[in-house]
Amino acid sequence: MAASPHLHPDHACLIVHGSDRPGIVAAVSALITRNNGNIVAFDQYSDDPTGGAYFQRVVFHRPDLAAALPEIETDLARTLGEGFDLQWSITDQSVPKRMAILASKQDHCLLDLLWRHRRGDLPVTIPMVISNHTTAADDVRSFGVPFFHVPSVAGPDKSASEAEILKLLAGNVDFVVLARYMQILSADFLAKLAVPVINIHHSFLPAFIGAEPYKKAKERGVKLIGATSHYVTDDLDEGPIIEQDTVRVTHGDSVEELVRRGSDVERQVLSRAVLWHAQDRVIRHGNHTIVF
């Protein structure tokens with residue numbers, strides 16, 4: 001596997017969000033300076049400068065970062081947490097996030113993520129792929145990734161299969177990607193998993209939700225089809241949107257052609273969402289996101 005160009009030794013990513021007020025930028029800059037850091041990227045957004053919500057992403061270089069992180073975190077808690085009542089998180093940008101993939105029969109998104117990972121395009125490790133079918137087992141293992149088959153249980157009660165999946169995931173992953181995993185995850189499962197879950201939806205939400213969106217799109221005579229990647233919540237297909245994209249189609253395109261072209265968009269949208277999440281570029285705020 002190629003080394004990822006998105007992993008940077010001795011670089012930290014600091015995410016800050018909370019109520020906007022004067023002095024936040026100065027306080028963050030001063031904190032990084034006194035901890036011998038040098039800012040290399042800085043993004044911020046406020047939805048209202050007079051007390052609205054404030055969001056910030058800062059990447060800085062600090063020699064021997066791993067050893068310095070405990071002291072930096074103490075300073076952050078004192079300066080931002082106590083001084084400004086802000087929420088914050090800091091990550092070592094040399095450490096790849098652990099990403100599990102859940103998949104079903106359709107393998108285009110699954111294989112695309114595995115291929116991008118092998119090329120070093122995604123700053124993640126993939127400890128496992130879990131599927132309710134075995135059709136992709138050999139392909140997954142050819143990438144050197146462990147494959148686990150957890151069959152779906154017939155009927156509305158999925159607790160047994162979800163329990164098996166939780167045994168595999170618990171404590172082993174930082175986030176999960178649903179690469180066209182055609183099962184609805186229960187609220188109990190999401191609560192017990194307690195890590196972000198990213199889904200790819202095969203339509204441009206909120207239009208054409210549910211089954212057979214391309215057939216619905218064809219019947220409606222649409223001129224654009226698209227895909228949406230979002231975080232999974234208790235509300236089906238209603239989670240915060242990370243990325244969307246579209247492609248133009250015409251009246252002459254068949255349903256099969258819409259599916260083919262839609263699959264291309266799905267791969268691109270999901271891979272971008274995964275990359276941005278792995279780079280700590282996405283901040284969730286209510287039911288929407290800020291993506292730096």
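In which hand does α1 pass α2, left or right? The crossing of α1 with α2 is right-handed, meaning that the near helix is turned clockwise from the far one by less than a right angle. Before going on: this is a predicted model, where local features need pLDDT of at least 70 and side-chain atom pairs count only at pLDDT 80 or more, while totals for chains, interfaces and linings use all residues. Residues are numbered from 1 along each chain as its sequence is written, and side-chain values use heavy atoms, without hydrogens and water.

Helices here are DSSP runs of H or I, at least four residues, numbered from the N terminus. The axes of α1, residues 24–34, and α2, residues 65–84, come within 10 Å and cross at roughly 165°; axes are lines fitted to C-alpha atoms over the stretch in contact, with angles from 0 to 180 degrees between N-to-C directions. The two are therefore roughly antiparallel, the term for angles over 145 degrees. In contact, which is heavy atoms within 4.5 Å, Ile24, Ala27, Val28, Leu31 and Arg34 of α1 meet Asp75, Leu76, Thr79, Leu80 and Phe84 of α2.

Next, the second pair. Helix α3 (residues 108–119) and helix α8 (residues 255–278) have axes that come within 9 Å and cross at roughly 45°. This crossing is right-handed too.

Last, the cavity. A search of the whole structure finds one of 30 Å³ or more; a cavity is a set of points on a 1 Å grid over the protein atoms alone where a 1.4 Å probe fits but cannot get out. The largest cavity has a volume of about 80 Å³, volume being the space filled by probe spheres set on the points, which are joined across faces, edges and corners.

Conventions
On a 1 Å grid over the protein atoms alone, a cavity is a set of points where a 1.4 Å probe fits but cannot get out, and a pocket is an open set with protein on both sides within 12 Å along at least five of seven lines; lining residues have an atom within 4 Å of a point. Angles under 35 degrees count as roughly parallel, over 145 as roughly antiparallel, 65 to 115 as roughly perpendicular and the rest as oblique.
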